[in-house]
Structure formats: structure tokens, C-alpha cells
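Keep the structure open as you read.

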Amino acid sequence: MNKILMSGNHTAAEAAIRAGCRAYFGYPITPQNELGEYMAEHMRKIGGAFIQSESELAAINMVVGAAAAGVRAMTSSSSPGISLKQEGLSFLSGFELPAVIVNIMRGGPGMGNIAPAQGDYFQATRGGGHGDYRTPVIAPGSIQEIADMTFLAFDIADRYRTPVMLLADGMMGQIKEPVIFPDFIDPQTLPKKEWALTGRGGKESRYLASLILDSNKMEQHNWNLFKKYEAITANETRYESYHTEDADVIVVAYGTTARIAKGAINQLREEEGLSVGLIRPITLWPFPSEILYTLAKDVKKFIALEMSTGQMVEDVRLALDGRAQTLFYGRPGGIIPEPDEFAHVIRDAVKS
Amino acid sequence: MLKTILCSGSGGQGTLTMGNVLANAAMQEGFFVSYLPCYGAAMRGGTAHCTTSISSEEIASPVVSFPDVLIALNKPSVTAFLPRMRPGSTLIYNEDLISDVPAKENVRIYPIAANQLARDAANERSANMVMLAAMVKVTSLLSLEALQRSAQDLMGSKKSLFAMTLNALQAGYADIV
Amino acid sequence: MKLLNPWPKYHKQNVVSHYCPGCGHGVVHRIIAELLDEMELGEKAFCVNPAGCAVLAYDYLDIDMIESSHGRGAAVATGIKTVRPDLFVFTYQGDGDLSAIGTAETIHSANRGESITVIFINNAVYGMTGGQMAPTTLAWQKTTTTPEGRKPKADGYTLHITDMIAPLPGVAYAERVAVTSPAFIRKAKKAIRTAFQTQVDQLGYSIVEILSTCPTNWKLSPSESCEWIHTTLEKEFPLKVLTDKREEKRKSC
């Protein structure tokens, strides 16, 4: 198909439909309303389910129902609404049900504002809901990646029977860039979900429960989940490496800040001849720790750049494990840093 | 090649449409593009601006510190963004709504009677398209036809709007000699 | 020899009940199991069970089930029914689940006229957590969180959620029943049959509120509990059909 100019919010919706998603439930919240509006316009026309729910709680639990019945299901929201969905994320993990949750982050805590921010990193990667679980988190860095990563999110969700979060911010939701969509997937052609509950239909009855009162069985369930998370870590860790071959200093940034950092890095390399590079985590959990650890053999300075007061930087520190120095620069609260600002910070790091 | 164009005006002047038509045109011409609208409480009468980046290579940052071109539709836009204009950059402003633009060293400045031209060619509300066409002529960034094709793509289904847009683009392009 | 009351097909056999002696849940489970068989719904049934004593309902009902987080049963059921309208979807919820933490889901699924059936167990108390005040707890009724009795000015008034949603246009059928004697159980079964049939006929949302016993938390014997329902609880929650819009729904179809 042809390239078209599309916003991040519309792209996530269109990509989900093309990836075979046939159930969307959501509640309005800025800056991701265009996603739900796109679903409202298109989902029912192709025989899918669309409901504007009474709350984010209801939306994620409708996702639970649709996913349990074996349908690719999605919900989307922005930070305060994602907080309300955490209970559902925990249950989806406990039930081992696949689903895709889109978080178009905004400033916080509390109501915060509607400007882009990256303050939900901890919530997204550390669980957010209760219990011993992990959520794969994918952070696209362009509109094309939003399309591709939406497909990937559904695939990972189905393959490992887990909720997957697509984490972007208000800027990624709103910018328009050219996108070429992958072809439509007919949901009928997806691998059959033998575990899905669709009535007994002449067979033995089955049930999905996350209540496991017997502690021995609960422990076993936790270890089974853990094994799954180990497999996801081994197979699904993704990152982009940008000019790291000759770098003296490596920036670590994801999503919007990675884009802005690339602008700064280009400026510093071209205009000032500084050897700086970037590792852009595409999966935030699992975090690309190995590549950082490997690079730290030669590179002694890393800078985490975030639109927060410092969240991902903790994963960078854990990954480097003391092998190199970790610096941090952040702009929280909905401020979008500028390339020139980042260039300044990186230059200082190189020269200090 | 990387050109960054900041369009700024008040809500309802078609500022975001300008950037959108531009980005779409550049994409159709084979460039890499990124279009970043300001968003939020933007509404008629408020301020609105957007940044369009056009490049022959993949675009790093959609956020731009120093635009190559500023298209200003109202006075507050000049006040807000002129300080970001670096030597070698270009300011195109709507002289029907903006007076007393301070001179700035090595910034090329083009006043356009956008409201008047739009009124004569189509409708005053098409002043944004007049400005956009004048900009591509000044910068040699794209052809008039590229803008017209993009407009058709985005507004072709609304016949009267599209006709006015074509006339306004023509008028803006012809105004620069 | 013929067994007059065979074990219902959709009730698991050889299970030891975890419910307290005199509890109403077991009776309601049996009614449901019988109806699923009699109405030939069991093979395509999908039950959403709640947090609360009935969280273990899948130990008894022999159909496909999913447990919902506390209060979200109607949302989970909505999700199932919208993607699989061919399934027979019902929730089984208690008073705390349905009319406290899940009030929004209850009202909005009813208001959307979701084609689901809700079995609502009202025993005026939180059973599983040990007898705390529920929205349906009566004024001056003693619970562990209203030790001197529920004081309406401080603790709020008794909530009648089924009466609240019954007038909504999406609610096709709503009835309140009790399960305190064979005669009342037969009436309850008839009400649930009607509610199930409402879904089968695709007429909209249906709900049956069942006044049920909780001898343990009421601190009464099973027989005293049955009496209390009729002498006290029923005064606040009269047994009757609260709405029946099936005929007008049929006409508008």
C-alpha cells in the first residue's frame, strides 16, 4: 500500500484493526482521544466490537471478557486512566490472557496536564498493579514504528498469553509522519486459541481463575509466570543502536526523547565532530541491559535523557552494574526538551 | 537537506492545516517528513502552531529549536518566535494583520498581503494557503503543483473548499516574483 | 427404580460444599444448573463469577466460567457477549460486588441493555470477608462494621439497586425472589427461567435479585434465617416483578 501521513493515535488504531483486533473498549481522555474515535468509526463496520465504556475500569474488564473468549482485544488511555486499569492488568497477567494496552502518557502525578511526559515508566515496567508479574512494554520511536509495534504487541501478547503495553506520549500520539501499514490479517487465519473459553460445546467445562488459595499451587503459578517472563526476556528484547561504534559517550533514551536526542547527536557529530551515540530501548521491559553492559567495556559515560525526573535511568544503572558512569538529564511535567538543550547536556558530558 | 518550517497563528486561521498540507505534499514528493502540531486547549482565538520538518534523510527530532522558516499569521507569532530565527533563516508574515516587524540581521523577511490576496482570489479564510504557496516559492522547497496535489488529497472531497484552496495557492505563489 | 430428582447435568458431582450450613448459594447454584439443562443452554453458557463467597462457584457449576475482579462482572460479561453474541452469558454477583464496588458497571451494562443475565444474591451483608455492612444492609442491622446497628445518618441508607435500574429502557426483565422454602424456590426458578429466556430471545438485560440467607454472619440458625428474610428483609425488599418490558421489546424488534 501507499505511504500516508497519519498521526500516532490514528496509526495505533488502524494498525490494531489490521493486526486482527476485533474488540476495542475505551474511555475518553486527552491526548489519546483520536484513537478511540478512529475505532468508533471503523471497528463496527468490520464486524468488531466497540464500546465507549463508563470508566477505564470497565474498559479493561471488557477486554478481559473479550480476550477470554479468544478475540484480539485492545484498550487505550492516558496516564490517569492507565492507573485505573492496573487492576485489570494484574488480572490479565494472573489469568494469562493476551491483550494490548496503549498508554499515551501525559504530565503527572494526579490529573497533571495533557502535555507529553514519560513519568509512567515505573508504573509500566514495574507492574503498576499488584502481585508478582511483569508486563512487556514496547516504546515506539516513530509513527511507522507505532504501526509495526502494534502488530508486534498483539503477536507477543498471543504468543506468551500476556498483556502487552504500548507506551508512547502525547507528542507521539499527535505528530504525523508517513506510514506504510502491514497488510490486513484475517483473524480467522491467526493461530487457534485452544485455551479460549467459548462454552463447553460438548467438551469438559473449563474456568479461568486467578484465585489460587493453595499456596503451593500459587507458588507454582508464580514460577510458571516467571519462566514465561524469562523466555520473553530472552526472545523479545529490542533496541536500536545509533552511532555507538565510535562513541565516547552514549545516550540512552526511548520514544520522544530518543528522537530529540538523535537530533542533538546529529548536530554534535556534524557541527562539532563529537563522537556520541545512542541506545534506544524499544522494549522497556524487557530492558536491553546486555547491550549496555557490553558497551560499557569501552564506553565509560552514559547519559539517560528522559521527560521525567529520572525513572529509566535506574534500569541503566542496573544494566551497567558499576562498569561506567551514569549521568541523567530530564524535563518532567509536560515540557518537551529541545535538541539544542540536549546537545548542551551531551556536550558537557563529553567535555567534563 | 533538512528544512524546518514553523507555522504560527491564532486558532481558526488554519495554521495546523497549513503544516498538514505542506507535510503531505513533501511526503508525496518523496521526502521524509514529520509534522508536529501543538495540541490541547487550542481553539478558535487561541494560539496555534505546528512544526513541519522536511528532509532527504530520515528525520531525527520532530522538535525544532531553530526553524529555517517561520510563517507568521498574526502578531503574537512574531513576538514569540522571532527570537528563534537564526542568520540565514526566513520569515514570511501576513502584513494585513502584522505591523512593525523588527529587522533582524541576516533573516530574510517577506511581507505578504495574505488577507487581501485571499479575498481577491477566493475567500479571506484561505489566507493560510496564500502564505503557504508564497513560502514554497520563496524557499524553492516544493512546486505549486505539489501543494495543489496535496490539497486535493486532503480536501478533494469538499469541492467548494478545494476550489478556493487552489485559487489561494495560485495567488500566493504568483505574488512572489 | 427411577430417580425423581437426578443430579443436574451442569452441577459437578462428588464435591464437598464450602458454603456454610443454611447458606442460600447452593440452592441457587442448583436452580441454575437445572435450568441450563432444561433450557439446553449449558453447552454455550459462560458464567462470570465474582469476588465473594461465590468466587468458588466453578467448583460446582460444570460450565465455562471466568472469575471477575471485584465488581467488574458486568463489564467482563459485556466483553464476552459483544464478541460472542451466540454464547449464553450470565453473571453471578453478591450485594457488595454488584451494588457497592461494581455499581457503575451494573448501571451502565443495564443502561446499554446488554444482552446478559445477572443473578444477584442479596443477603444484606458481606459474607466472605466476615460480616461487614453491605449497601443492602438494613437500617439498625448489626454487622461487624456497624456494631451498634447501621445508623443511616452516619452509615447511609439501604440501597435498592434493582429498583434503581428497573426503570431503565435497557432492562427488559427484573424480579426479586427468595430461596427460603420449596414454594419460594420454585418461584425463584421460574423467575430465573424468565430472565434466561429474555436473553435467549435477545430482548435485553435481565436481572433476578435473590434474597438469600447468611446464617453465619447473621448469627442465626438456618431456620431462623429463613424466617428473618420474610419477617424483616422482605419488608425492605418486597418480592415482586420490578419491571417486565419483554412484550414492548418484542414489538420494537
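Ala, Val, Leu, Ile, Met, Phe, Trp, Tyr, Cys and Pro count as nonpolar; Asp, Glu, Lys and Arg count as charged; the others, Gly among them, count as polar. The model is predicted.

**The second largest pocket**
- By class, 12 nonpolar, 11 polar and 9 charged residues line the second largest pocket.
- That makes a lining of 32 residues, with A:Gly263, A:Asn266, A:Gln267, A:Glu270 and B:Leu2 nearest the pocket's centre.
- Two or more lining residues come from each of these elements: S10 (239–242), H9 (255–272) and H12 (339–351) in chain A, plus S1 (2–10) and S3 (47–55) in chain B.
- H9(A) gives the largest share, 7 residues.
- The space in this pocket is about 870 Å³.

**Which chains touch**
- There are 2 pairs of chains in contact, and chains A and C share the most contacts.
- Chains B and C do not touch; 29 Å separates their nearest C-alpha atoms.

**Where chain A meets chain C**
- Here 37 residues of chain A contact 33 residues of chain C.
- About 2,700 Å² is buried between chain A and chain C, and carbon and sulfur atoms give 60% of that area.
- A:Glu54, A:Arg200 and A:Tyr207 supply 23% of the area that chain A buries against chain C, more than any other three residues.
- The interface of chains A and C has 4 salt bridges.
- A:Arg200 forms a salt bridge with C:Glu43, with the closest N and O atoms 4.0 Å apart.
- On the side of chain A that touches chain C, H3(A) gives the most, with 8 residues.
- That side of chain A has 21 nonpolar, 9 polar and 7 charged residues.

How values were computed. Residues numbered from 1 in each chain as written. Chains lettered and ligands numbered in written order. Predicted model: local features only at pLDDT ≥ 70, side-chain atom pairs only at ≥ 80, totals over all residues. Heavy atoms only, no water. 1 Å grid on protein atoms, 1.4 Å probe; cavity = no way out; pocket = protein on both sides within 12 Å on 5 of 7 lines; lining within 4 Å. Points joined across faces, edges and corners; volume = space filled by probe spheres on them. Helix = DSSP H or I, 4+ residues; strand = E, 2+ residues; numbered from the N terminus. Contact = heavy atoms within 4.5 Å. Buried area = accessible area lost by both parts, 1.4 Å probe. Salt bridge = Lys/Arg side-chain N within 4 Å of Asp/Glu carboxyl O.
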